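Reader: I'm new to reading protein models, and I'd like to learn on a real one. Could you walk me through it?

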Amino acid sequence: MNFHLSEEHLAVQAAARDFAQKELKPGVIERDSKMEYPYEQIKKMGELGFLGMMVSPEYGGGGMDSLSYVLAMEEISKIDNSCSVIMSVNNSLVCWGIETFGSAEQKAKYLPKLASGEWIGSFCLSEPEAGSDATHQRTTAVDMGDHYLLNGTKNWITNGGTSKLHLVMAQTHPEKGSKGINCLIVETSMPGVAVGAKEDKLGIRSSDTHTIMYTDVKVPKENRIGEDGFGFKFAMKSLAGGRIGIAAQALGIAGGAYELALEYSKQRTAFGKPINQHQAVAFKLADMATEIEAAKLMVYRAAWLKDQGLDYSAASAMAKLYASEVAMRHSVEAVQVHGGYGFVKEYHVERLMRDAKITQIYEGTSEVQRIVISREVTGGKPYLPV
């Protein structure tokens, strides 16, 4: 076991922290309040390589490992989770999915634009009646010979209003169930793609979440990822890795809330001394530090397993489940440490508390993670790789 980060990892971590503090923190409260999409910030993230971290240099990406990506996600999520979820979807789901399972032509055509931030991507799986039960896709892709005719509705789509490319899961062979689903690369400029109103959300408010409608969209056959019927497997494999990114986001939220609470506890006095010298507050900080450290080890380990080419299904589910619970629990505690000041937007912690909730829901709810984990352990798979 080696718990030391390499010089390269430390450099990525420092660069992400510096960017978050200098470029994201100014204006983050106003952007959140007004639901303003962070156009300039996302442009800079693309220029710095944060939107294609794991993409091969052959396609203009950083060629980094999963742990580097996790470290960057963690630091950016301490400050701005609207930016980090945009980053997560583009890296974990869209770029990774195309590079891992796409054709040579698809990679060459789309990855350079996605990795640079010229284009932002969306992952379109959820539907009004197909959330956690993603097998029941009502969006259809009818095989018309040289193209598919795409019809249906997707909702809760991150980057829905700004993305130029959608990875759309759609049913082609209903009689085959989940084995009849395909994943299609849809360019938003294609006729028949319509974007609904931006959702007014509890948290991550400056990221754009939309419902997307597809009406008789002609998608060329060469835009299908993998063999006919591979779409559901593609979605599940992508989400298994995506969980690591969201676990890192949750870890960042928890860490950011803890850092704010710790600093405030040193400055605020009550009964003649700093509040962190009162046991009630000191024990809160101790619990926060301990559980965040445990979550960090789980998240880093899941990334390491992925980098080693080992099975990370259970590890990523465990990391997301635990990190999201820690983020929710301790962002609430951070507000409590701040007292009345924690209830106002000026002190950042109330925003982190609102952002924390979504990490228990998207890319697989906490309940779904427990299903994944229980199937792994009851199926006899060892938790520790042998």
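Predicted model: local features only at pLDDT ≥ 70, side-chain atom pairs only at ≥ 80, totals over all residues.

Reader: Where is Ser 88 placed, and is Ser 88 buried or exposed?

Author: Ser 88 lies in helix H5. Helices (H or I, at least four residues) and strands (E, at least two) are DSSP runs, numbered from the N terminus. Buried means under 20% relative accessible area, exposed means over 50%, and partly exposed is in between, using a 1.4 Å probe and protein chains only. Ser 88 has 0% relative accessibility, so it counts as buried.

Reader: How do I read a nonpolar core?

Author: In soluble globular proteins, nonpolar side chains tend to be buried together. A nonpolar core is a set of buried Ala, Val, Leu, Ile, Met, Phe, Trp, Tyr and Cys residues joined through side-chain atoms within 4.5 Å. Here, the largest one has 64 residues, and Ile 42, Met 45, Phe 50, Ile 76, Met 87 and Val 299 have the most contacts inside it. Two or more residues each come from helix H1 (7-24), helix H3 (39-48), helix H4 (66-77), helix H5 (81-101), H7, helix H8 (279-307), H9 and H10. H7 gives the largest share, twelve residues. There is also a second, separate core of 27 residues, with Phe 123, Cys 183, Ala 235 and Leu 239 among them.

Reader: What does Ile 76 touch?

Author: Not counting residues up to four places away in sequence, Ile 76 touches Ala 16, Phe 19, Ala 20, Leu 24, Met 45, Phe 50, Cys 83, Ser 84 and Met 87.

Reader: How about aromatic pairs?

Author: A pair of aromatic rings is described by the distance of the centres and the angle of the planes. Rings of Phe, Tyr and Trp (its six-membered ring) pair if their centres lie within 6.5 Å; planes under 30 degrees apart count as stacked, over 60 as edge-to-face and the rest as tilted. The structure has ten such pairs. Take Tyr 264 and Tyr 347: they are edge-to-face, with 6.1 Å from centre to centre and 90° between the planes. This pair links distant parts of the chain, 83 residues apart: Tyr 264 is in helix H7 (residues 231-267), and Tyr 347 is in the loop between helix H9 (313-338) and helix H10 (349-358). Tyr 264 counts as buried because its relative accessibility is 10%, while Tyr 347, at 25%, is partly exposed. Elsewhere, ring pairs join Trp 96, Phe 101, Phe 230 and Phe 234 into a cluster.

Reader: Which ring has the charged end of Lys 221 over it?

Author: That's Tyr 148, with the charged end of Lys 221 sitting 5.3 Å from the ring's centre. A charge sits over a ring if NZ of Lys or CZ of Arg is within 6 Å of the ring centre and within 35 degrees of the ring normal.

Reader: Is H10 mostly covered or mostly open?

Author: Mostly covered: seven of its ten residues are buried. Among them are Val 349, Arg 351 and Asp 355. The buried residues of H10 pack against helix H2 (28-34), H4, H5, H7 and H9.

Reader: Where is His 330, and what does His 330 touch?

Author: His 330 is in helix H9, and it counts as buried because its relative accessibility is 4%. Not counting residues up to four places away in sequence, His 330 touches Ala 257, Asp 287, Met 288 and Glu 291.

How values were computed: Residues numbered from 1 in each chain as written. Heavy atoms only, no water. Contact = heavy atoms within 4.5 Å.
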